[in-house]
Every structure is written in structure tokens, then in C-alpha cells.
Amino acid sequence: MKNFKTYLWLVVLAVCLAGCSSGDDEQALLETNFTSYKIKGYENAKTTIDVATRTITVQLPSDVTTGENLVPEFTVSQGMQASINRVVQQSGANSLDFSNEVLYTVSTPDYSVKSRWHVIVTNNDYTARYGMGNFLTRWWSNNGTNPDGFYVQQQHTGEYSDVNCGPTCAVMALKWRFPDYKGSVEEARNTAVYSEIDGSTWWYPRDVFNCLVRNGADNVYYWNFWGANYDGFINTVCNLLEGGNLCIVCLNNGNIKEQMALKKEYHTNRYYTGGSGHYLLIKGYRVVNGTLWFEVHDPWGMDMKYSDGTYYGANRYYRGYEVATTIDWNIWTVVVPYN
């Protein structure tokens, strides 16, 4: 009798375990995926569905300049629903604003099994990745002709590396203006170790100007922003850029928002802490989702590089209004024409 009871207990236990395992397996087999996704009216747009990262990217034509009032059409895994903030979405029935990333939840109707999906709809292949927003409407870049580019960081430039942002911007402008220019930042600094303004090791705009002239950029000039407001600064600099010029400005870089996002590949905002007087070289701009970003070479590189090997400081994007605070710090902008 004892052996029979033991046998019976083992049979019941096996049945219970089998039942639990079957349920667990069924839960594990439930897929919470988007199986298709497109924007109504743009069926031929390039679309990528990455199940591993649960990310969907849709690239619309460049002449689509806003993410507002776009209607998504989609399908999800069998038995699943797609919702935003627990509001169930119907394919082809809801218009959304895709100016920035949209977060979906794909789940069972009771939300007991679910996953989060990121949907990025854009009109280009980089502004969303860079952290600028999704819809580019206007842009300009003065990239020069040097096949190696013209970005230089101020680190490792001799005794005055920590204050060599001015000389470094001057050297970058010379490399842009004269593709065969081989001078170093340390050599530029050594032509005027001390500022002619007050004898300090900090260079003022006049010192940057003089360095450029000494090296053959004889048509460089100043722009005086005395009395200008931020909009006036932004509009003037954009016009100067479109005229084929670089602009070298000095500001308190603490006014540039620090990048707090975990995505290290972002090209926006200040990637270092602290704030003090600092030179930036402005080479272009982007207008994304209605916000103007200046494209700058920031000499404070700190040897930091993206996964593709380029420096964090090269082609960095800072908001126009933040860069415009230069007129609260120094009203003189050094303008460098290409020829």
C-alpha cells in the first residue's frame, strides 16, 4: 500500500509539472511583434523592422517636412494589439505626430504579455540618430576640400593645451582655407604665446584674427554684434555661412546644454562637464523640427571618438540660441572667407 501511494503521488506530480511547463511554453511562444509597418500614402518608403531591438525606422522622402498628421498602417503578431499609453491603435485609423520617436506597446488584450517598440519616422538618415529630431527642413555646411577634413582637437598641443581653443580654431580655419596647410596648433601658439590685449595666455578674437592674417588669410574680418539680439545673431551667422564663410566665436560653454542621453552616438549638446570661456568654429547649420542647430567643430575633443572613429568634437550640433549667448560674452565674431 505504501508503494502504491508513493507511485500515485509521483504520477500526480508529473501531471502538474507537465501542465505548468505547457503553460509556460505557450507564454514563451507568444510573439509581441510588429509584422508590418508603413505610413499611409508612402507605401514605397524605406522601412526597417528590427525585432532584436524592437525598433522600426521609416524614411520618408526629403520633401516631407513635418511629422504631424501621418497615418500609420500596420499588422502585429496574431492575437496581439498595439497601443500607445494604453490607448489601443487601429491600423489606418489614427493620425499621429512623428516629429520625434513614438513608443508603442504590443501586447495581449490584458497586457499580461507585452513588449515596448520604438518607431522613428524621418525624412533623412541621420538627424534622429544624432538626437536632433526627425524632420530636416533646411541645412548648410562648409566642409572645404581637404580629403582628411579639417577638425583638430586642442589636447596634446603643448604647454598651453588647456587654453588653446582659440589657436586650435585658427588652425582649423587655416586647414579649411588652405588644404595644404601643415602648421600645428603648438606652432600657432608659439607665434604669439601671450595675448596682445592683456599679456595673458588666453587668446582674444584679435589674437585669433592676427594668427589667421600671419598665415595668409588676408581677407579675414570681424563682425561686431554690439546691440544684437539672439535672433539677429542666428540670422546673421546663417547668412555668413551661406556666403561661404566660417565663423569663430567665443562664449561661456556652460550655456550649451550638456548631453545626458545614454545614447553615446548622439552628436548633440555638450559632451563634457563644466563651463568657461571657450572658442567654437561654426561651419554650418541644420533646422530640424523647427529648431536651428549650429554645426560646429568644438576643439575640446579629449580624444573621445564615436564608433566610426570620428571625434566627438567634430561636426557637433549645438542649439542656435545657446551658441548665440556668445554676444553676452564677446561681441566680436571672426569671419573667415574661403577665398
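His 156 is exposed in this predicted model, with a relative accessible area of 62%. This histidine sits in the loop that runs between E9 and H3, and its phi is positive, at about 65°, although the residue is not a glycine.

Asn 146 is buried, since its relative accessible area is 12% and the cut-off for burial is under 20%. Its side chain reaches the backbone oxygen of Pro 179 at 3.2 Å, and, when neighbours within four places in sequence are left aside, Asn 146 is in contact with Lys 175 and Pro 179.

Helix H3 itself leads on to the packing of helices. Two packed helices are described by the angle between their axes and the distance between the axes. For H3 and helix H5 (residues 205-214), the axes come within 9 Å and cross at roughly 35°, and the crossing is right-handed. On the H3 side the contact is made by Gly 166, Ala 170, Ala 173 and Leu 174, while H5 contributes Val 208, Cys 211 and Leu 212. Sorted by class, the residues of this contact are six nonpolar and one polar, with no charged residue.

In soluble globular proteins, nonpolar side chains tend to be buried together. The largest nonpolar core here has 30 residues, of which Val 208, Leu 212, Ile 248, Leu 281 and Val 336 touch the most other members. Two or more residues each are given to this core by H3, helix H4 (185-190), H5, strand E11 (245-252), strand E12 (277-288) and strand E15 (332-337), and the largest share, eight residues, comes from H3.

Val 336 shows how such a residue is surrounded: not counting residues up to four places away in sequence, Val 336 touches Ala 173, Trp 176, Leu 212, Val 220, Gly 244, Asn 245, Leu 246 and Ile 248.

Conventions:
Residues are numbered from 1 along each chain as its sequence is written. This is a predicted model: local features need pLDDT of at least 70, side-chain atom pairs count only at pLDDT 80 or more; totals for chains, interfaces and linings use all residues. Side-chain values use heavy atoms; hydrogens and water are left out. Buried means under 20% relative accessible area, exposed over 50%, partly exposed in between (1.4 Å probe, protein chains only). A polar contact is a pair of N or O atoms within 3.5 Å; within protein, one must be able to donate a hydrogen and the other to accept it, and residues adjacent in sequence count only if both atoms are side-chain atoms. Contact means heavy atoms within 4.5 Å. Axes are lines fitted to C-alpha atoms, for helices over the stretch in contact, and angles run from 0 to 180 degrees between N-to-C directions. Helices (H or I, at least four residues) and strands (E, at least two) are DSSP runs, numbered from the N terminus. A crossing is left-handed if the near helix is turned anticlockwise from the far one by less than a right angle, and right-handed if clockwise. Ala, Val, Leu, Ile, Met, Phe, Trp, Tyr, Cys and Pro count as nonpolar, Asp, Glu, Lys and Arg as charged, and the others, Gly among them, as polar. A nonpolar core is a set of buried Ala, Val, Leu, Ile, Met, Phe, Trp, Tyr and Cys residues joined through side-chain atoms within 4.5 Å.
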